[in-house]
Amino acid sequence: MSEEHYLELCDSPVQFENASSVNNVFFDEANKQVFAVRSGGATGVVVKGPDDKNSIAFRMEDKGEVKCIKFSYENKILAVQRSPKSVDFINFMPDLPHSEFSQECKTKNATVLGFCWTSWNEIVFITDQGVEFYQVLPDKRSLKLLKSHSINVNWYVYCPETSVILLSTTVQGNVLQPFAFKCGTMSKMSKFEIELPVVTKPAKIILSERDIAVATIYGQLYVMYLKHHSRTGNNPGAEVVLYHLQREGACKRSHILKLNTTGKFALNVVDNLVIVHHQSSQTSFMFDIKMKDTDSNLNIHQPVLPARSIHPYKIALTGPAAVGSQTPVPCELYSSTWSVFQPDIIISASEGYLWYLQVKLKPVVSLLQDKSKLMEFLLRRRDCKMVILSVCSQMLSRGDKGSLPVVAIVFDKLNQVYKEYLEAEQSYTMAVECGPSRGSTAHKRPVRTQAVIDQSDMYTHVLSLFTERKDVSHKFIIAVLMEYIRSLNQFQITVQHYLYELVIKTLVQHNLLYMLHQFLQYHVLSDSKPLACLLLSLESTYPPAHQLSLDMLKRLSTANDEIVEVLLSKQQVLGALRFIRSVGGHDNISARKFLDAARQTKDQMLFYTIFRFFEQRNQRLRGSPNFTPGEHCEEHVAYFKQAFGEQAFIKPVTL
Amino acid sequence: LFSPRMATGMQEKQYTPSLLNFFIYNPKFGPREGEEEKKILFYHPSDVEKNEKIRNVGLCEAIVQFTRTFCPSKPAKSLHTQKNRQFFFEPEENFWIVMVVRNPMVEKPNKEGKPPTIEYQEEEILDTVYGAVLQQCYSMYKLFNGTFARAMEAGGVELLTQKLEKFFYRYLQTLHLQSCDLLDVFGGISFFPLDKMTYLKIQSFVNRVEESLSLIKYTAFLYNDQLIWSGLEQDDMRILYKYLTTSLFPRHSEPELAGRDSPLRPEVAGNLLHYGRFLTGPSNLKDPEAKFRFPKIFVNTDDSYEELHLIVYKAMSAAVCFMISASEELGREFCEQLDGLVGPQLTLLASDICEQYNINRRVSGPDKEPQFKFIYFNHMNLAEKSTIHMRKTASVSLTSVHPDLMKILGDIHADFVRVDEDEEIIVKAMTDYWVVGKKSDQRELYVILNQKNANLIEVNEEVKRLCKFETMDPFLYTISTKLVDMLVTKTA
């Protein structure tokens with residue numbers, strides 16, 4: 001069963017002092033820091049960072065109950081809100097004075113709902129009457145108002161990744177006004193309305209901030225709305241409605257995630273998957289908005305997998321009672337004291353833990369039967385490579401009847417991603433070569449994600465092991481290799497030599513040389529010098545390999561030396577000479593090499609012919625038929641003289 | 001039996017070579033005097049008087065025996081006489097097949113009343129050609145019946161003679177000795193030119209079918225009567241190819257051409273239209289009386305000796321042979337399954353290949369009538385290509401050149417066979433034709449050029465030039481540069 005939990009809490013959570021009457025706990029989504037504030041800060045504030053290593057501890061004066069506390073980026077300035085009107089600041093930069101300064105909101109009679117840092121020194125106050133955008137001047141210990149905007153605000157949501165603040169306005173709270181902040185500028189984006197379920201008694205805030213979350217999914221910003229349906233009527237249950245928020249243009253409703261149940265929900269986004277936790281069933285749903293359901297083009301999504309609970313988690317009991325014996329106890333999952341933050345954070349304030357939610361891919365493999373869907377799903381995940389490779393291995397090892405079409409689909413999916421990467425890489429290289437003269441946009445090198453499974457990956461982790469298997473028929477092995485080569489060709493990817501070698505090795509092993517022969521005939525195995533040499537080595541078991549190899553060398557047209565060597569080794573001395581003459585290389589060949597080969601044939605006439613050829617060459621090149629000492633042909637000259645007599649030499653032309 | 005052809009002169013009558021006798025004997029079967037008839041396993045024509053049969057067989061036996069003393073390793077292959085020529089072939093130990101061919105002849109009319117004079121043209125027929133025809137007879141028999149030895153094991157002389165009778169009675173009627181030529185010597189395979197991607201798709205198709213119908217042991221794929229893929233070994237494929245292209249396909253294409261049994265009536269399998277149909281076995285699956293009997297063939301007779309059902313299935317121009325162990329029972333269910341699986345896929349593939357083929361043709365330019373014709377053969381892969389021969393039909397193979405030129409090609413080839421070295425021979429034939437033969441390693445190329453007033457050097461240059469023009473694969477397209485590189489110029 002544990003194989004079925006596809007969600008888990010991370011192994012190394014951030015631990016902090018649990019919330020109590022004397023210890024208040026705050027979480028800053030921007031820096032992902034947990035603040036434990038004891039007695040209003042007088043007895044200490046401990047800040048734990050996302051990786052639990054850089055904790056910061058300090059004290060501050062107790063000036064009343066802390067409502068909100070956050071560092072600016074890089075922990076340069078600390079902002080603390082203790083009153084509904086103002087925010088206090090403390091410099092944390094080494095050479096600046098440490099004492100506090102304060103800023104009251106500009107709008108009269110407004111209440112500060114909260115604040116958000118948008119850079120190391122820029123901050124936004126959100127009041128019930130609008131937003132105020134300030135620059136903090138730490139050396140002057142004051143703030144400068146950059147911009148403000150008046151609007152009635154019920155509540156707000158901040159997305160630190162994109163520095164977008166979403167304000168809830170109007171009586172029902174369902175008109176959302178986004179603002180984007182960037183380098184001292186504040187831009188108002190077009191507002192949009194969340195469609196509420198039909199209600200009976202309006203004129204009251206209906207859209208709660210608990211039901212809205214903002215997150216980036218596949219590089220796009222989405223507003224997620226948890227839409228609860230009343231149990232009455234035909235509605236099958238709650239759903240999550242995604243609104244696609246763009247910098248320009250209106251925000252559009254883009255996806256609907258069907259939950260098919262009701263109750264209390266919480267949202268996370270992990271690895272571009274939307275995770276919906278359902279408290280009453282203690283399970284979570286997983287949605288992939290890129291996964292298309294075949295039966296609808298309306299972007300209505302069902303969960304990718306059946307709902308499962310998060311993998312059971314054990315925590316070590318701490319406290320005075322448990323000194324020596326720290327036996328871990330199961331942690332209560334889906335606890336009502338959990339707080340869930342975007343994108344992937346779960347905090348249990350009562351136990352003092354911050355976890356990152358993680359998706360485990362291995363259980364998905366067994367839960368998602370449709371291999372084509374599974375591959376698509378995996379290819380979109382971050383740490384997918386090894387899982388994909390193991391899926392490939394698994395799929396091949398079983399050799400189920402009728403699995404070849406599935407194998408083909410899987411290969412095609414892998415190679416599509418591979419090809420896209422190769423193309424991006426190629427256009428990047430071309431752009432770089434062309435230089436920066438055109439336009440000012442800097443070329444970004446394409447990122448190689450784990451989903452790029454290249455030939456070497458497939459070879460190392462899947463195919464080379466697969467071809468070694470004794471329990472799979474060689475017919476299937478060859479079919480799979482050919483299918484992979486077909487798929488590469490279909491995407492116009494150059495096939496690497498080692499794949500051909502694998503095919504050849506398998507065919508030779510099973511003595512399927514005529515099959516190999518036919519593949520070569522149709523150039524399924526592309527020409528290369530190593531392949532030609534491999535073929536030559538097969539000649540003794542399969543004579544036609546000789547011609548195949550020589551033809552290949554000739555087609556390559558860069559292997560003239562090799563061709564000469566091959567022909568000479570077969571004692572085809574005249575053939576070698578004719579060949580080298582046909583490509584115009586006969587003035588540069590070694591006379592000695594040819595004469596050696598001719599002598600070896602023990603064919604007198606052949607030796608005579610070859611000798612005469614080189615005499616004529618000498619005559620043409622140097623004006624004399626004699627060999628130069630550098631050619632080391634003395635032995636052959638002597639033999640020629642002995643065999644044919646002095647008068648057989650060409651007479652030097654004397655003027 | 002004679003097919004007279006009107007020759008140019010006055011009322012001369014020309015007779016082409018024809019089959020006189022064809023017999024098979026085993027000298028061990030009747031070694032004692034008076035038992036000679038037992039040696040004879042098959043004799044054509046069957047109505048020959050018993051003693052004559054015995055005499056002829058005895059003569060052959062004696063010739064073979066006598067000539068063996070001169071060269072024990074190479075027994076006599078043929079005997080030339082004025083009127084006819086005999087060919088001997090021992091395909092299995094002590095089993096001899098003999099074919100007697102009457103030489104072509106000219107009948108010249110004489111003055112009134114006198115009988116016409118007959119001139120035998122004993123040099124007009126070639127040993128290599130008819131020797132190959134004889135071997136082919138045996139190969140074809142073996143393809144459908146297995147070896148003589150196996151028949152003997154299974155049912156003795158009685159079974160063997162039955163089989164021989166049954167097979168050769170029909171087969172000999174399809175021998176057209178007058179139109180045999182160099183291509184019969186080669187017994188090559190014409191390969192279909194195809195790009196790599198389409199070829200891989202075919203591979204994929206074959207693999208999938210073999211995977212889902214695991215009964216299938218071997219598959220062969222042809223398009224336009226040309227081979228693309230063979231799961232059989234080369235030698236078995238060679239004879240199966242011969243059968244398909246000279247017998248089975250022509251038999252089925254003639255009714256198509258005549259408009260009967262139109263293939264353009266698609267079948268519906270599931271929601272897919274397809275044009276697939278069986279060329280062997282059931283001609284119509286919907287017929288409740290349909291028979292599910294397939295011809296049996298024998299392959300790998302040297303080692304594993306397999307007997308297989310031969311299923312030939314065709315959709316448009318694509319034909320696939322599926323071979324299944326003969327011990328399997330094939331019935332309606334299997335055929336329907338195969339039809340449903342293969343029909344739609346093959347139809348799709350056939351149109352893919354057709355499309356690709358047309359693209360290639362467009363790239364290589366419009367079909368111009370070239371100034372030369374050629375035959376290419378590669379012993380290494382049995383690839384052959386001829387622009388001399390027209391489409392083969394069940395009855396005759398047509399050539400586009402004069403038989404005299406074909407004879408020259410045969411002569412050149414006979415010269416090539418005698419020597420191991422690479423060679424080139426250029427012959428000036430009558431009527432402005434030049435014939436060039438080149439042999440290099442395993443390849444042979446014969447070109448017929450029609451060029452007025454050309455001299456030897458020009459012809460040599462011309463052949464080089466013609467060859468250099470083509471850049472495609474030698475056997476897949478036409479002659480290539482690479483080929484010419486291999487074909488070393490050496491004028492004999």
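Pro343(A) sits in the loop between β30 (338-341) and β31 (345-348) of chain A. Helices (H or I, at least four residues) and strands (E, at least two) are DSSP runs, numbered from the N terminus. The model is predicted: local features need pLDDT of at least 70, side-chain atom pairs count only at pLDDT 80 or more, and totals for chains, interfaces and linings use all residues. Residues are numbered from 1 along each chain as its sequence is written, chains are lettered from A, and side-chain values use heavy atoms, with hydrogens and water left out.

**Backbone.** Most residues other than glycine have a negative phi, and most peptide bonds are trans. The exceptions below go against that pattern.

| Site | Feature | Value |
|---|---|---|
| Gln342(A)–Pro343(A) | cis peptide bond | omega about -5° |
| His44(B)–Pro45(B) | cis peptide bond | omega near -5° |
| Gln492(A) | positive phi | about 55° |
| His523(A) | positive phi | near 55° |

Pro45(B) lies in the loop between β4 (40-44) and α1 (50-68) of chain B. Gln492(A) is in the loop between α6 (474-490) and α7 (497-509) of chain A. His523(A) is in the loop between α8 (513-521) and α9 (529-537) of chain A. Gln492(A) is exposed, at 65% relative accessibility. Buried means under 20% relative accessible area, exposed over 50%, partly exposed in between (1.4 Å probe, protein chains only).

**Cores.** A nonpolar core is a set of buried Ala, Val, Leu, Ile, Met, Phe, Trp, Tyr and Cys residues joined through side-chain atoms within 4.5 Å. The largest has 244 residues. Phe22(B), Phe168(B) and Phe221(B) have the most contacts inside it. A second, separate core has 21 residues, including Trp155(A) and Cys251(A).

Gln86(B) belongs to strand β6 (residues 84-92) of chain B. Its relative accessible area is 10%, so Gln86(B) is buried. Beyond neighbours within four places in sequence, Gln86(B) contacts residues including Cys60(B), Lys77(B) and Val100(B). Contact means heavy atoms within 4.5 Å.

**Interface.** 38 residues of chain B touch 34 residues of chain A. Together the chains bury about 3,400 Å², 56% of it on carbon and sulfur atoms. Buried area is the accessible area (1.4 Å probe) that two parts lose on being put together, summed over both. Lys196(B), Glu211(B) and Met380(B) supply 19% of the area that chain B buries against chain A. Two salt bridges are counted between the chains. Glu210(B) and Lys475(A) form a salt bridge, 3.0 Å from N to O. The criterion is a side-chain nitrogen of Lys or Arg within 4 Å of a carboxyl oxygen of Asp or Glu.
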